Amino acid sequence: MQKLIEVRNLNIAYGSPAGWTNVVQGVSFEIARGEAFGLVGESGCGKSTVAYRLLGYGTVNSLVQTGEVLFDGTDLLKLDAKSLRRMRGNRIALVPQNPTTSLSPGMRVGSQIREMIATHKALPPGMSMQARIAELFALVGLPDVGHRYPHELSGGQQQRVTIAMAVACNPDLLVLDEPTTGLDVTTQRQIIQLLGDLRSRIGMAMLYVTHDLALLAQIADRVGVMYAGQLVEVAPCDQLLAAPAHPYSRGLIASIPTVAGTERQARGLRGVLRRDQMSTGCKFEPRCDFASAACRSTPQVLEPVAETRTVACMKWRESAVPETPAVKPRLDAKATAKPERLLSIADLDLTYRKPGLFDKLLGRTSPSVVRDIDLELRAGEVVALVGESGSGKSTIARAISGRLPPRAGLISLDGGLLDPALKSRSVEQLRQIQYIFQNPDVSLNPRRRIRAILERPLDHFGIKADVKTLEGVLENVGLHAGYLDRFPEQLSGGERQRIAIARALLVNPKLLICDEILSALDVSVQARIVELLRSLKEKHAVAMLFISHDLAVVQQLADRVAVLYRGELMQLAETETLLAAPLHPYTEMLLEAAPGLSKDHYVSRPPAMPASKPVPGIGCPLAGRCPRQVGSVCAETRPPVQATGSGFIRCHVPVEKLATRAAPPVEKRPAAVV
């Protein structure tokens, strides 16, 4: 195949003329026309730094020391600013991780796409601008939303708009930087299928940067694994995931959680990436189970070990020997007495819209975004909230934390009613409930060092602590004391999230509200955080409301799972029961949409029913989409609550009839993400 882009011996450093720190060393790879190449590795390994150099981007404190980035024979590192501007968006385009911050909030999305096309004069002959914009929206599966502003679109829709902008000029290369992080499983699936379709129709090549190996398996032809700024393995995607050769690749894949009831932690990654402790030889040596004295002093470079595979390791044959995974038994919650109830939610009804004067005069009420929620958590219990974006998971979490006073319903903590508004709650109640947000960029003060960020809640709640306390909590989340004197902008996205988690843990809360706290973390750090949360649950009886798309992590941590759809609880069940035999049609749809570690894992979904759509608050919210819909009854009548062995479902179809369906084999879904 013809090479489109070739990276040769790329070395990049960060710092200033007073001193530079090398962060990318000797990286070389190529991408052929029409090929999808994945770049994976832990946070801080340098994968995004390399990716952005393919667009000619670099921060003011970065320096390319050596190397070439040849695009169609032209070295991008030698182009001036004007030439790069002509190239970006036209022949090389970017799909960023966070569409919220990449779309201009003051411009309609149609105008932003228009600007891209006009800048590069890329309007096809004989086609009007409006027709081209509508065509691009259709290409990414959207209606014509050009008149809307970004805040009027969901996260998945915003990401589709950024993809439409990126492909507006039919680029030769598409650089994708974590494009599906934080999206629910059905939206992830749609984005991945969209990218695959665009690739086949337009013929563009892709560089896909991610930490989600399950998603990468669905789209990548080859994968490069990076560690501490170096490529340690390059191999076809299916070969890498089935039989990783480098000890780091093997540990990375072994760290991926499963929903098969066991935890594949044998030879999982231990320790954390510490650039200040790396040897002059192999950078992975301090964490490698197969390292010898020669590894510490002998630099490792990529060498061919098969026709299409290269590995930078002298011990790769030893590390490739398969081992029996270590199985950690789950605690049997039924074997112990139930602890005291900590949190109770009754008849919760939430809305974001306040009724105006005319609404009050006419007696109109604002539509509910969450309705009729009954839920409880006991001390030391973890209840997971799962469901698609917009289902109401974070809305419920905001109400519990006091950030969204409910229109109706009661919330109790430790037997006492909580005031609906945050400002009216006592200092002790504020300490007992700690909220960890999904996006650490908006929850960490950019003008404060990490030390001050961690000390502030301690001062606020009058908790005495010393430097060892701060260092200890950083160690628990996989960081070291050197981070205390840094600013948030000096940390990667995953590192910032770990700081947010550490801050919440410092004040010894009784209830942790975890809102997608693992979505931005790589699998090795995820495993460490899950162990930390499990320890808090078992040793200190900390309860958690765990909002997540990742059912594999939910399986490891949660006692019960609550499934939400359009603001209503569809199912509540013990975790193992729900994963083994999902009764509710919507729960089954979520499990079927989850990607695994092999290509073509996505199964075909039953077509949506063409019946009438549900009336909010009256019919079943899944009506019109449910493969088990019972005529017009589902759309016109509120589904009854049916008790199950470990909870309930809300569905018109009798439990006995739902239970007769063959449950999907859990062991075939090694990395379910919802």
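**A sheet, a helix and the whole chain**

Mentor: Start with the open sheet, where 4 strands run in the order 2-1-4-5 with antiparallel pairing. Strands are DSSP runs of E, at least two residues long, and helices are runs of H or I of at least four, both numbered from the N terminus. Two strands pair if DSSP finds at least two bridges between them.

Trainee: Which strands stand at the edges?
Mentor: Strand 2 (19-32) and strand 5 (74-75); each has a single partner strand, so one side of each has no neighbour in the sheet.

Trainee: And how many bridges join strand 1 and strand 4?
Mentor: Strand 1 (residues 3-16) and strand 4 (residues 62-71) pair over 8 bridges, in the antiparallel sense. Arg8 is opposite Glu68 of strand 4.

Trainee: Where do these numbers come from?
Mentor: Residues are numbered from 1 along each chain as its sequence is written. The model is predicted, with local features needing pLDDT of at least 70 and side-chain atom pairs 80 or more, while totals for chains, interfaces and linings use all residues, and side-chain values use heavy atoms, without hydrogens and water.

Trainee: New topic: how many residues of helix 10 are buried?
Mentor: In helix 10 (residues 247-254), 8 of 8 are buried, among them Tyr248 and Arg250. Buried means under 20% relative accessible area, exposed over 50%, partly exposed in between, with a 1.4 Å probe and protein chains only.
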